[in-house]
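This briefing goes through one structure by topic. Please keep the sequence and the coordinates at hand while reading.

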Amino acid sequence: MKLTNQQIQYILDYIASQDIRWYELQVELSDHMASSMEEFWANDPELTFHQVKQYAEDKFGRNGFKAIEEERTKILRKEHRNCHIKLIKEYFKLPKILLSMLAVFLVYKSSFYFDDSVVFIRVLFGILLGLSAFSILNWYRFRKINGKRFLSLETAYIMNNSTLGISFYSIFLIKSWKDTVGNSYVFIMFFCCLWVLGILVQITGRHLTNKVVSDIKKQYQLS
């Protein structure tokens with residue numbers, strides 16, 4: 001026996017009520033649950049809709065929906081992290097490595113306009129911190145597509161915020177580091193390289209996020 005559209009919508013709403021916020025998981029779990037219910041119904045047509053729903057839900061086990069959500073989150077984080085690292089590595093290969101080296105050189109040259117290297121480095125990472133804050137703002141504004149939230153998009157946005165820790169660490173601990181190693185060109189160059197790496201993380205993170213959004217819209221036919 002096939003489920004009606006109304007019954008399928010009921011299942012979708014029920015799964016959403018189980019604190020499953022992500023639309024792609026709601027759809028996937030609904031499909032699995034509907035298929036399982038139809039199997040139970042085929043074996044025993046006398047069962048009621050709510051009986052086969054309960055049998056199908058029991059197959060997921062206790063807290064089965066949340067367990068699937070947690071497992072999917074881990075998988076997506078690993079996939080996005082690997083993809084992000086792969087994108088960053090491209091800037092350490094020809095020809096993009098030339099752009100990376102040029103960026104480090106230009107940032108280092110700009111340090112000549114500052115009398116205090118600590119101020120210079122704090123300005124650099126203040127800019128990076130601002131970009132990270134802007135990414136968080138974008139996440140808050142665009143975390144929904146057509147009013148729906150997606151786990152894949154949520155995990156991708158996390159990649160854009162990975163420079164927050166680097167920025168705070170550099171801004172607040174730069175003075176003590178300078179007192180330890182001294183004010184040498186190597187000291188400044190290290191932070192120039194670190195800053196450019198942070199910018200690359202931001203750029204590739206944005207690229208990854210845009211790709212995820214494009215894939216979601218294509219898969220679920222959203223505008």
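How many aromatic pairs does a search of the whole structure find? The search finds 13 aromatic pairs, where rings of Phe, Tyr and Trp (its six-membered ring) pair if their centres lie within 6.5 Å. The model is predicted: local features need pLDDT of at least 70, side-chain atom pairs count only at pLDDT 80 or more, and totals for chains, interfaces and linings use all residues. Residues are numbered from 1 along each chain as its sequence is written, and side-chain values use heavy atoms, with hydrogens and water left out.

**Aromatic pairs and charges over rings**

- The rings of Phe 40 and Tyr 55 have centres 5.7 Å apart and planes at 50°, so this pair is tilted (planes under 30 degrees apart count as stacked, over 60 as edge-to-face and the rest as tilted).
- This pair links distant parts of the chain, with Phe 40 in helix α2 and Tyr 55 in helix α3, 15 residues apart; helices (H or I, at least four residues) and strands (E, at least two) are DSSP runs, numbered from the N terminus.
- Phe 40 is partly exposed at a relative accessible area of 25%, and Tyr 55 is partly exposed at 38% (buried means under 20% relative accessible area, exposed over 50%, partly exposed in between, with a 1.4 Å probe and protein chains only).
- Phe 60 and Phe 65 also form a tilted pair, with ring centres 5.0 Å apart and planes at 55°.
- Within that pair, Phe 60 is partly exposed, with a relative accessible area of 22%, whereas Phe 65 is buried at 7%.
- One aromatic cluster is formed by Phe 125, Phe 187, Phe 190 and Phe 191.
- The charged end of Lys 96 sits over the ring of Tyr 91, 4.8 Å from its centre, and that of Lys 148 sits over the ring of Tyr 23, 5.2 Å from its centre (NZ of Lys or CZ of Arg within 6 Å of the ring centre and within 35 degrees of the ring normal).

**Helix α1**

- Helix α1 (residues 5–17) has 13 residues and reaches 18 Å from its first C-alpha to its last, close to the 18 Å expected (1.5 Å times one less than the number of residues).
- Its buried residues are Gln 7, Ile 11, Leu 12, Tyr 14 and Ile 15.
- They cover an arc of only 160° around the axis, which puts them on the same side of α1; the arc is that of the directions from the helix axis to the C-beta atoms.
- The exposed residues Asn 5, Gln 6 and Ser 17 are on the face of α1 turned away from its buried side.
- The buried residues of α1 pack against α2 (23–43), α3 (49–60) and α4 (64–89), where contact means heavy atoms within 4.5 Å.
- Asp 19, which follows α1, has a positive phi near 65°.

- The largest nonpolar core has 21 residues (a set of buried Ala, Val, Leu, Ile, Met, Phe, Trp, Tyr and Cys residues joined through side-chain atoms within 4.5 Å).
- The residues with the most contacts inside this core are Val 107, Phe 120, Ile 121, Phe 125, Phe 191, Cys 192 and Trp 195.
- Two or more residues of this core come from each of α5 (96–110), α6, α8 and α9, and α9 gives the largest share, nine residues.
- Apart from this core lies another, of 19 residues, among them Ile 15, Ile 20, Val 52 and Leu 76.
- Phe 125 touches residues including Ile 166, Ser 170, Phe 191 and Trp 195.
- Helix α9 (residues 185–220) has 36 residues, which should span 52 Å, and its end C-alpha atoms are 52 Å apart.

- Ser 132, in helix α6 (residues 117–142), is buried at 0% relative accessibility.
- Not counting residues up to four places away in sequence, Ser 132 touches Asn 161, Thr 163, Leu 164 and Gln 202.
- Ser 162 is in the loop between α7 (151–160) and α8 (164–181), and is partly exposed with a relative accessible area of 41%.

**Backbone features**

- Leu 94 and Pro 95 are joined by a cis peptide bond, with omega about 0°; Pro 95 is in the loop between α4 and α5.
- Asn 146 has a positive phi, near 55°, and is in the loop between β1 (144–145) and β2 (148–149).
- Gln 221 also has a positive phi, near 55°; Gln 221 lies in the segment after α9 and is exposed, with a relative accessible area of 75%.
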